[in-house]
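Subject: A structure for you to look at

Hi,

Here is the structure I said I would pass on. Have a look at it in your viewer first, then read my notes below.

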Amino acid sequence: ADRKRMSVIVKNSENKVILFTKGADTKIYERLAPGQPHKEITLQFLEEFATEGLRTLCCATREIDYEEWKAWNEKYNDAANDIRDRQAKLDAVAEEIEKNLILIGTT
């Protein structure tokens with residue numbers, strides 16, 4: 001797929017809405033919030049893993065304000081129920097929420 005990433009949104013036991021995203025390092029890194037403390041060391045690990053011939057993914061997260069999630073979820077449902085260009089609309093809606101991520105690490 002062109003997106004080269006996948007996300008899930010969960011509500012935890014403290015009623016916080018949290019986005020988790022995994023995907024290709026290039027796709028995750030361009031969506032990271034500024035000032036990530038582990039960005040450079042993770043890049044070193046990615047290069048090391050790639051040199052060993054391993055396939056890698058990056059993982060990232062962010063907490064989403066409930067009101068932001070509610071508004072986004074309405075757009076997502078509209079896109080999911082559209083019969084024309086559904087995938088393109090879902091991709092565009094995903095772009096809106098998959099931003100300002102905090103790097104968790106790499107696999």
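Below is what I found, starting with the whole chain and then going into a few spots.

Before anything else, keep in mind that this is a predicted model.

**The whole chain**

The protein chain has four helices and four strands. If you walk along from the N terminus, the elements come in the order β-β-α-α-β-α-α-β. Along the principal axes, the C-alpha atoms fill a box of roughly 45 × 35 × 25 Å. The chain has 107 residues, and 28% of them count as buried.

**The core**

Next, find the largest nonpolar core, which is made of 16 residues. I28, Y29, L32, C58 and L103 have the most contacts inside this core. Several elements give two or more residues to it: β2 (17-23), α1 (25-29), β3 (58-64), α3 (66-80) and α4 (86-97).

Setting aside its neighbours within four places in sequence, Y29 is in contact with K39, T42, L43, L46, C58 and L103. Two of those partners, C58 and L103, are also on the list of residues with the most contacts inside the core.

**A threonine in a strand**

Now go to T61, which sits in strand β3. Is T61 buried or exposed? Its relative accessible area is 17%, and the cut-off for buried is under 20%, so T61 counts as buried. A polar atom of the T61 side chain lies 2.7 Å from the backbone oxygen of L19. L19 also turns up among the contacts of T61 beyond four places in sequence, together with I18, F20, L101, I102 and I104.

**The pocket**

Last stop: the largest pocket, with a volume of about 280 Å³. Which residues lie nearest its centre? They are R3, S7, W72, Y76 and A94, out of 16 residues that line the pocket. β1 (5-11), α3 and α4 each supply at least two residues of this lining. By type, the lining residues split into nine nonpolar, three polar and four charged.

How values were computed. Residues are numbered from 1 along each chain as its sequence is written. This is a predicted model: local features need pLDDT of at least 70, side-chain atom pairs count only at pLDDT 80 or more; totals for chains, interfaces and linings use all residues. Side-chain values use heavy atoms; hydrogens and water are left out. A nonpolar core is a set of buried Ala, Val, Leu, Ile, Met, Phe, Trp, Tyr and Cys residues joined through side-chain atoms within 4.5 Å. Buried means under 20% relative accessible area, exposed over 50%, partly exposed in between (1.4 Å probe, protein chains only). Contact means heavy atoms within 4.5 Å. On a 1 Å grid over the protein atoms alone, a cavity is a set of points where a 1.4 Å probe fits but cannot get out, and a pocket is an open set with protein on both sides within 12 Å along at least five of seven lines; lining residues have an atom within 4 Å of a point. Grid points are joined across faces, edges and corners, and a volume is the space filled by probe spheres set on the points. Ala, Val, Leu, Ile, Met, Phe, Trp, Tyr, Cys and Pro count as nonpolar, Asp, Glu, Lys and Arg as charged, and the others, Gly among them, as polar. A polar contact is a pair of N or O atoms within 3.5 Å; within protein, one must be able to donate a hydrogen and the other to accept it, and residues adjacent in sequence count only if both atoms are side-chain atoms.
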